[in-house]
Amino acid sequence: MSNSPGGQRGPAEHERRDQIISAAREHFRHYGYSKTTVADLAKAIGLSTAYIYKFFDSKKAIGEAVCALCLGHIAEAVRSVAQEPKPASERLRRVFIELARQGAALYSETPKMHDIVAAALVEKWQPCESHEVALMSIVRQIVQDGREAGEFERKTPLDETCRAIFLALEPINNPALLVQRLEKIEEDAATVASLVLRSLAR
């Protein structure tokens, strides 16, 4: 049986795969990624370790699947804000704040899940790269909308503008940086957003 991207095996849609990911999420949330073994997950589900390896070739592959769920939830929340029927400037400001809010919630509610996302960013797991692509796409659409509506300047190349905004999001998007200013992260996000918006103004 051939491997699929991310170390996953077998059919993409399978009840057992979802069951393994769900059990892994609970174990990671309570015990942490580093302290959970594939054998622990197998015992929790009532399967053999060998059976789990039919779907994932390593614990890291399972971790990536769980990480993808966490980051997917964050990206969806940010995308919902970005698609609201409001001016581009207001949507961009809300993207900064929502990203900060989601990151803070992940840390406060499930700190061990926050840790796995932080580790995934350092090790450049595939879900993190996909998350960056999703955020960049959201930023790009807002900037394009703002330019078309006459809210944002058009002299700076679009790619350069979007990249700069994405870099400005780093202290909010990176879990390791976010936790250093957790109590004021939303306030900080609003402050950075205001600076970015002033630079985008015509």
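User: Hi! Before we count anything, what counts as a helix or a strand here?
Analyst: Hello! Helices are DSSP runs of H or I with at least four residues, and strands are runs of E with at least two. Do keep in mind that this is a predicted model.

User: Switching to rings: how many aromatic pairs turn up in the whole structure?
Analyst: The search gives 3 aromatic pairs. Take Tyr33 and Trp125: their ring centres are 5.6 Å apart and their planes are at 70 degrees, so this pair is edge-to-face.

User: Where do Tyr33 and Trp125 lie?
Analyst: Tyr33 is in the loop between helix H1 (15-31) and helix H2 (38-45), while Trp125 is in the loop between helix H6 (111-123) and helix H7 (126-148), so the pair ties together parts 92 residues apart in sequence.

User: Nice. Are those two buried or exposed?
Analyst: Tyr33 and Trp125 are both buried. Together with Phe28, they form one aromatic cluster.

User: Which charged end sits over the ring of Tyr33?
Analyst: That of Lys59, 4.3 Å from the ring centre. Elsewhere, the charged end of Arg17 sits over the ring of Phe56, 5.6 Å from its centre.

User: Last one: how far apart are the mean positions of the positive and negative charges?
Analyst: They are 1 Å apart, with 27 positive and 27 negative charges in the protein.

Notes. Residues numbered from 1 in each chain as written. Predicted model: local features only at pLDDT ≥ 70, side-chain atom pairs only at ≥ 80, totals over all residues. Heavy atoms only, no water. Lys, Arg positive; Asp, Glu negative; His and termini not counted. Charge placed at Lys NZ, Arg CZ, Asp CG, Glu CD. Phe/Tyr/Trp six-rings, centres within 6.5 Å; stacked < 30°, edge-to-face > 60°. Buried < 20%, exposed > 50% of the residue type's maximum accessible area, 1.4 Å probe, protein only. Lys NZ or Arg CZ within 6 Å of the ring centre and 35° of its normal.
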